[in-house]
Amino acid sequence: MASILGSQTRRDFVAAAGTTIATAALLPSAALAKPEDVVAEIKKLYGDKPIAAGKIKLDLPTIAENGLVVPLNFEVESPMSEKDYVKAVHFYADGNPNPAIANFYFTPMSPKASAQIRIRLAQTQNIVAVAEMSDGRLYTAKKEVKVTIGGCGG
Amino acid sequence: MSNPTPRVRMPTTAKKDEVIEVKTLISHEMETGLRKDANGTPVPRRIIKQFVAKFNGREIMKADWHTAISANPYQAFFVKVPESGTFEFTWQDDNGSVYKSEHKVTVG
């Protein structure tokens, strides 16, 4: 007795499913950013001002199985008072089609320079954060996230 | 695409100057503009590009979102409640639409 799905239909179905998965992924063939692009983006905002390491606590998984939903959690150390607060925090990805991820702008009304979001990563890459304090000091932090797409290993 | 619906979870009462966490979620595809449909036609970009949180009209924080933000954007952050009042959250869509959500918090 023939199955409900004839062999031709089944092949079509598999092919169609494959296409859907390919288009749903972040187009690995598209031009991807390079670490230099992230440096250029930061230069656009802050020129050649010195940037120190530290102050930013970046909470990202070391290995992300699904690059479409990667949790990103951060907190910048600051008293968050009228005189001394975190003005902005910028996030960049050095291997995505577009290096910019998000920019956060805080005010002394914010009790903590902290937020939690979910981001898309096209491949294994570094996430770079730059924080600008109200007095103009800049801090940075970086973390590599290994991305496993389709369980093929990162 | 169905109409984006914002959802916000936060307490309705707080102590004076209490720091509370606000969790927000909005249903939105966050179309990057890089994807092609089954016929190979590029799908036009349409994302939520900005999120703003205000309390009694004063800005607390805002965020610019780029194409790297996941579909159905989730964002959690912290606010302080200096007095009873209304928190207003707005999401700005690429197509000009603005989605709003208001939450009253009573200090007592």
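This is a predicted model: local features need pLDDT of at least 70, side-chain atom pairs count only at pLDDT 80 or more; totals for chains, interfaces and linings use all residues.
In strand 6 of chain B, F77(B) is the bridge partner of V22(B).

Within chain B, strand 3 and strand 6 pair in the antiparallel sense, with eight bridges between them. Strand 6 of chain B also pairs with strand 7 of chain A, residues 113-119, again in the antiparallel sense but over three bridges. Here A76(B), in strand 6 of chain B, is the bridge partner of Q116(A).

The two pairings are tabulated below.

| Strands paired | Sense | Bridges | A bridge pair |
|---|---|---|---|
| Strand 3 of chain B and strand 6 of chain B | antiparallel | eight bridges | V22(B) and F77(B) |
| Strand 7 of chain A and strand 6 of chain B | antiparallel | three bridges | Q116(A) and A76(B) |

Both pairings are part of an open sheet of six strands, in the order 2(A)-4(A)-7(A)-6(B)-3(B)-1(B), with antiparallel pairing. Strand 2 (56-59) of chain A and strand 1 (6-9) of chain B are the edge strands, each pairing on one side only. From one strand to the next, the twist averages 20°. In general, the strands of a sheet pair through backbone hydrogen bonds.

**The interface**

The contact draws 31 residues from chain B and 27 residues from chain A. About 2,700 Å² is buried between the two chains, and carbon and sulfur atoms give 57% of this area. On the side of chain B, the residues that lose the most area to chain A are A68(B), Y74(B) and F78(B), which together account for 22% of what that side buries.

Polar contacts link 17 residue pairs between chain B and chain A, counting pairs with both residues at pLDDT 80 or more. Three elements of chain B give two or more residues to the side that touches chain A: strand 3 (18-26), strand 5 (58-65) and strand 6 (74-81). Of these, strand 5 of chain B gives the most, with eight residues. By residue class, the side of chain B that touches chain A comprises 16 nonpolar, five polar and ten charged residues.

**Salt bridges**

In chain A, E41(A) forms a salt bridge with K44(A), and their closest N and O atoms are 3.3 Å apart. Both residues lie in helix 2 (residues 35-46) of chain A, where E41(A) and K44(A) are three residues apart, about one turn of the helix. Side chains of opposite charge can pair when their charged atoms come close.

Technical notes
Residues are numbered from 1 along each chain as its sequence is written. Chains are lettered from A and ligands numbered from 1 in the order in which they are written. Side-chain values use heavy atoms; hydrogens and water are left out. Contact means heavy atoms within 4.5 Å. Buried area is the accessible area (1.4 Å probe) that two parts lose on being put together, summed over both. A polar contact is a pair of N or O atoms within 3.5 Å; within protein, one must be able to donate a hydrogen and the other to accept it, and residues adjacent in sequence count only if both atoms are side-chain atoms. Helices (H or I, at least four residues) and strands (E, at least two) are DSSP runs, numbered from the N terminus. Ala, Val, Leu, Ile, Met, Phe, Trp, Tyr, Cys and Pro count as nonpolar, Asp, Glu, Lys and Arg as charged, and the others, Gly among them, as polar. Two strands pair if DSSP finds at least two bridges between them. Axes are lines fitted to C-alpha atoms, for helices over the stretch in contact, and angles run from 0 to 180 degrees between N-to-C directions. A salt bridge is a side-chain nitrogen of Lys or Arg within 4 Å of a carboxyl oxygen of Asp or Glu.
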